[in-house]
Amino acid sequence: MDDIDRAILRELQVDGRIPYAELGPKVGLSPSAARHRLQRLLDTKAVQVVGVTDPMTMGQQTMALLGLRIGGDSRAVADELSRHEEVVYTVLTSGRYDLFTEVVCGRPSDLLDFINDVVRAVEGVASVESFPYFAIHTHRFLWEVD
């Protein structure tokens with residue numbers, strides 16, 4: 001990946017639907033060269049284009065990060081949790097928690113039910129700590145492309 005590839009990625013972080021006619025000049029290429037470069041990044045799986053939804057606009061008003069301590073196989077717990085539609089992602093970690101799981105639910109009572117009825121019922125879950133958060137304004141984090 002060279003400087004032009006990184007410039008393309010920075011532009012795509014700002015606007016993933018930027019037309020090649022605008023992208024090319026911004027990164028010092030013609031539109032067709034920009035299209036070719038981006039296609040190469042997609043073909044080599046260096047870049048993946050995905051749609052990201054905003055839970056708030058989809059009627060999901062309650063979001064939380066769950067810190068889990070596991071007394072057993074963390075991977076098995078992560079696999080089980082990832083089968084539920086409320087789970088956005090689950091990651092294995094080191095430190096105080098064995099897993100972090102982000103969940104999105106319709107209402108606070110749905111979150112409580114999910115934690116008590118689903119998460120705590122998974123074999124190997126020793127404890128759960130919930131960190132609810134409120135997305136009043138949408139904020140996108142841009143990753144530094146090095």
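Contact here means heavy atoms within 4.5 Å. Axes are lines fitted to C-alpha atoms, for helices over the stretch in contact, and angles run from 0 to 180 degrees between N-to-C directions. Helices (H or I, at least four residues) and strands (E, at least two) are DSSP runs, numbered from the N terminus. The model is a predicted one, so local features need pLDDT of at least 70 and side-chain atom pairs count only at pLDDT 80 or more, while totals for chains, interfaces and linings use all residues. Residues are numbered from 1 along each chain as its sequence is written, and side-chain values use heavy atoms, with hydrogens and water left out.

Four strands make up an open sheet in the order β2-β3-β1-β4, with antiparallel pairing; two strands pair if DSSP finds at least two bridges between them. The edges belong to β2 and β4, each of which has a single partner strand, so one side of each is left without a neighbour in the sheet. From one strand to the next, the twist averages 20 degrees.

Now for the pairings themselves. Strand β1 (residues 62–70) runs antiparallel to β4 over eight bridges, and L66 finds its bridge partner in S130 of β4. With β3, strand β1 pairs in the antiparallel sense over seven bridges; here M63 is partnered by V104 of β3. Five bridges hold the antiparallel pairing of β2 and β3, with T101 of β3 as the bridge partner of T90. β2 and β3 also form a hairpin with six residues between them, and G95 in the turn has a positive phi of about 115 degrees. As for burial (under 20% relative accessible area is buried, over 50% exposed, and in between partly exposed, with a 1.4 Å probe and protein chains only), β3 is mostly covered, six of its seven residues being buried.

Next come the aromatic rings. A pair of aromatic rings is described by the distance of the centres and the angle of the planes. Rings of Phe, Tyr and Trp (its six-membered ring) pair if their centres lie within 6.5 Å, with planes under 30 degrees apart counted as stacked, over 60 as edge-to-face and the rest as tilted. By this rule the count comes to two aromatic pairs. One of them is Y97 with F100, a tilted pair at 5.4 Å centre to centre and 55 degrees between the planes. Y97 is buried, at 8% relative accessibility, whereas F100, with a relative accessible area of 24%, is partly exposed. Y97 also pairs with F131, this time edge-to-face, at 6.2 Å centre to centre and 85 degrees between the planes. That pair links distant parts of the chain, 34 residues apart: Y97 sits in the loop between β2 (87–92) and β3 (99–105), and F131 in strand β4 (residues 125–133). F131 is partly exposed, at 33% relative accessibility. Put together, Y97, F100 and F131 form one aromatic cluster.

The axes of helix α1 (residues 3–14) and helix α3 (residues 31–43) come within 10 Å and cross at roughly 90 degrees. α1 and α3 are therefore roughly perpendicular to each other (65 to 115 degrees, with under 35 counted as roughly parallel, over 145 as roughly antiparallel and the rest as oblique). On the α1 side the contact involves I4, D5, I8, L9 and L12, which meet A34, R37, L38, R40 and L41 of α3. By class, the contact of α1 with α3 has seven nonpolar, no polar and three charged residues, where Ala, Val, Leu, Ile, Met, Phe, Trp, Tyr, Cys and Pro count as nonpolar, Asp, Glu, Lys and Arg as charged, and the others, Gly among them, as polar.

Helix α2 (residues 20–27) meets α3 too, the axes coming within 7 Å and crossing at roughly 90 degrees. That makes α2 roughly perpendicular to α3. Y20, A21, L23 and G24 of α2 make this contact with P31, A34, R35 and L38 of α3. Its class tally is six nonpolar, one polar and one charged.
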